[in-house]
Amino acid sequence: MNVSQAVTSRRSIRDFLETPVSNSLLKDLLAKASWSPSGGNLQPWKIFVVNNKSMKDFLSFQEKWLKPEEPAYSIYPPNLKEPYRTYRYELGEQMYSLLGIPREDKTARIEQVLKNFNFFGAPAAIFCFIDKTMGPPQWSDLGMFLQTFMLLAKESGLDTCAQEAWSMKHESVSSFVKADEQDMLFCGVAIGYKNEDALINQLKSERSPISQWVTFI
Ligand SMILES: Cc1cc2nc3c(=O)[nH]c(=O)nc-3n(C[C@H](O)[C@H](O)[C@H](O)COP(=O)(O)O)c2cc1C
């Protein structure tokens, strides 16, 4: 698989098989992903791997994940402007119409969102933390690390879903992984093998044409 194939075939997967993922494979992917660039070579990523027994232990706290917590950060800016607001809306509509969940069925919509908190059935996951003193440039470095990791995962036959949803549970996650006080949770990444039969995995989110966001001067 070349880079273009990895980039164009990667999708956020939201239903995984139980097939286990080995820690040695995860170690290899993380070591390779560390070759991601970062401003000043700060390498501002701090990663916790949850797999096998730690995943079982983590999920046994399930009820705890349902309790509301103060979010680590606001995922989107308040009053999200256009065209971003529409993009977000369209993603939701595309997802729920694929699953046959109508607008009025709030319970089913919430249930779908709550699947985030068992990693959509993925057997493995990483949590990505960053030092609280870091700013937007370093958050962007962490984003590059994430994409590199997800592409490498794709190359190795694995699928992923980055999950900002975990920012809503950062207190519980931080205490489970025993994160340093000075670090904050950016996101989780569900990792595993895609369930080919799941309807949700047919979701192919749209992209706006490059004419809308590229200007050749
Ligand atoms: C940093 C980040 C956080 C995300 N958080 C979530 C999440 O919490 N739950 C979820 O279902 N998808 C999440 N996604 C997936 C996005 O919805 C998805 O990347 C976008 O719709 C594009 O679709 P694609 O990844 O299939 O190309 C996240 C993606 C990124 C990059």
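**Briefing: ligand site, ring pairs and backbone features**

Pro 83 lies in the loop between helix H4 (62-66) and helix H5 (84-98); helices (H or I, at least four residues) and strands (E, at least two) are DSSP runs, numbered from the N terminus. This is a predicted model, in which local features need pLDDT of at least 70 and side-chain atom pairs count only at pLDDT 80 or more, while totals for chains, interfaces and linings use all residues. Residues are numbered from 1 along each chain as its sequence is written, and side-chain values use heavy atoms, with hydrogens and water left out.

**Backbone**

- The peptide bond joining Glu 82 and Pro 83 is cis, with omega at about 5 degrees.
- Gln 43, in the loop between H2 and S1, has a positive phi, near 45 degrees, although this residue is not glycine.

**Ligand site**

- The ligand is surrounded by 15 residues (a heavy atom within 4 Å), and the closest are Ser 12, Arg 14, Glu 164, Ser 205 and Arg 207.
- The shell around the ligand has six nonpolar, four polar and five charged residues; here Ala, Val, Leu, Ile, Met, Phe, Trp, Tyr, Cys and Pro count as nonpolar, Asp, Glu, Lys and Arg as charged, and the others, Gly among them, as polar.
- Strand S3 (residues 159-163) gives the most to this shell, with three residues.

**Polar contacts and burial of the ligand**

- A polar side-chain atom of Arg 10 lies 2.9 Å from an oxygen atom of the ligand; a polar contact is a pair of N or O atoms within 3.5 Å.
- For Arg 14, a polar side-chain atom is 2.7 Å from a ligand oxygen atom.
- Arg 207 likewise has a polar side-chain atom 2.7 Å from an oxygen atom of the ligand.
- Taken alone, the ligand exposes 620 Å², and the protein buries 75% of that (Shrake-Rupley method, 1.4 Å probe).

**Aromatic pairs**

- The whole structure holds 13 aromatic pairs, that is, rings of Phe, Tyr and Trp (its six-membered ring) with centres within 6.5 Å; planes under 30 degrees apart count as stacked, over 60 as edge-to-face and the rest as tilted.
- Trp 45 and Phe 145 form a stacked pair, because their ring centres are 4.8 Å apart and their planes are at 25 degrees.
- Trp 45 lies in the loop between helix H2 (23-33) and strand S1 (46-51) and Phe 145 in helix H7 (residues 136-155), so this pair ties together parts that are 100 residues apart in sequence.

Terms used:
A polar contact is a pair of N or O atoms within 3.5 Å; within protein, one must be able to donate a hydrogen and the other to accept it, and residues adjacent in sequence count only if both atoms are side-chain atoms.
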